[in-house]
Every structure is written in C-alpha cells, then in structure tokens.
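Dear colleague,

Please find below the structure that I am handing over to you. My notes on what was found follow it.

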Amino acid sequence: MSSQDCGPYEPFPLTEVDCLRFPLRQGTKLGRTIYFATGNGDKQRDTFCGVVETPQIASDICRAVNAFYGHKEG
C-alpha cells in the first residue's frame, strides 16, 4: 500500500497533543472518527485521536470533552 492509497494525511508535527490545548472534532466521512483540531482550520492536518462505534458517540464525546475544557463549538 502506498501513501497515495491513504490520502494526503499530514498531521501537524507536535510533540504533545492533548485536550487542554486542542479541541476535539468529529470526522466528516464516517462520523465515527475523532481528531484533535491541530491544523488551524485545515482538516487534512488535524491529528487523529481515535475511532468509536457510532457517529452519535463521537459527537457526544467531542461535545462533552470540549465543554469540559472550555473550547468553543466548531
């Protein structure tokens, strides 16, 4: 498999990614993926966080974590 098979994923090069510094966002294709919004508006550069069972769970996690850490809704 080549990098072209997976698309142009280029996460922002950070040594530490955490919920305090970056809000979470829900993926747009499957809706089940969660990303740290590290790309300054460029979704291709956001950092992958994980995958959950349903889009509703991903949405709930993003909302709850972002509210806890005081991040604005995106």
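Which residues of H2 are buried? Before the reply, please note that this is a predicted model. The buried residues of H2 are Ala58, Ser59, Cys62 and Asn66. They lie on the same side of H2, because the arc that they cover around the axis is only 100°. Strand S1 (24-26) and S2 are among what covers these buried residues of H2. On the other side of the helix, Ala67 and Phe68 are exposed.

Helix H2 itself runs over residues 55-69 and has 15 residues. From its first C-alpha to its last it reaches 21 Å, close to the 21 Å expected at 1.5 Å a residue. Just after H2, glycine 70 takes a positive phi of about 80°.

Salt bridges

A search of the whole structure finds two salt bridges. One of them joins arginine 25 and aspartate 46, with the closest N and O atoms 2.5 Å apart. Arginine 25 lies in strand S1 and aspartate 46 in the loop between S2 and S3, so this pair ties together parts that are 21 residues apart in sequence. Arginine 25 counts as buried at 15% relative accessibility, and aspartate 46 is buried with a relative accessible area of 3%.

Arginine 63 forms a salt bridge with aspartate 60, and here the closest N and O atoms are 2.8 Å apart. Both of these residues lie in helix H2, three residues apart, which is about one turn of the helix. An α-helix has 3.6 residues a turn, so residues three or four places apart point the same way. Arginine 63 counts as partly exposed at 41% relative accessibility, and aspartate 60 is partly exposed with a relative accessible area of 34%.

Aromatic pairs and strand S2

The count of aromatic pairs comes to two. The rings of tyrosine 35 and phenylalanine 48 have centres 6.0 Å apart and planes at 75°, so this pair is edge-to-face. Tyrosine 35 belongs to strand S2 and phenylalanine 48 to strand S3 (residues 47-51), so the pair ties together parts that are 13 residues apart in sequence. Tyrosine 35 counts as buried, at 18% relative accessibility, whereas phenylalanine 48 is partly exposed, with a relative accessible area of 42%.

The rings of phenylalanine 68 and tyrosine 69 also form an edge-to-face pair, because their planes stand at 80°, with the centres 5.0 Å apart. Phenylalanine 68 counts as exposed at 68% relative accessibility, and tyrosine 69 is partly exposed with a relative accessible area of 36%.

Threonine 33 also has its place in strand S2 (residues 33-36). Threonine 33 is buried, with a relative accessible area of 12%. Leaving aside residues up to four places away in sequence, threonine 33 touches Arg25, Gln26, Gly27, Phe48, Gly50, Val51 and Ala58.

Cysteines

How many disulfides does the structure hold? The structure holds zero disulfides. Cysteine 49 is in no disulfide, and the nearest cysteine sulfur, that of cysteine 19, is 6.3 Å away. Cysteine 49 is partly exposed, with a relative accessible area of 39%. Cysteine 62 is likewise in no disulfide, and the nearest cysteine sulfur to it, that of cysteine 49, is 8.0 Å away. At 6% relative accessibility, cysteine 62 counts as buried.

With kind regards

Definitions and conventions:
Residues are numbered from 1 along each chain as its sequence is written. This is a predicted model: local features need pLDDT of at least 70, side-chain atom pairs count only at pLDDT 80 or more; totals for chains, interfaces and linings use all residues. Side-chain values use heavy atoms; hydrogens and water are left out. Helices (H or I, at least four residues) and strands (E, at least two) are DSSP runs, numbered from the N terminus. Buried means under 20% relative accessible area, exposed over 50%, partly exposed in between (1.4 Å probe, protein chains only). Contact means heavy atoms within 4.5 Å. Rings of Phe, Tyr and Trp (its six-membered ring) pair if their centres lie within 6.5 Å; planes under 30 degrees apart count as stacked, over 60 as edge-to-face and the rest as tilted. The expected span of a helix is 1.5 Å times one less than its number of residues. The arc is that of the directions from the helix axis to the C-beta atoms. A disulfide is a pair of cysteine sulfur atoms within 2.5 Å. A salt bridge is a side-chain nitrogen of Lys or Arg within 4 Å of a carboxyl oxygen of Asp or Glu.
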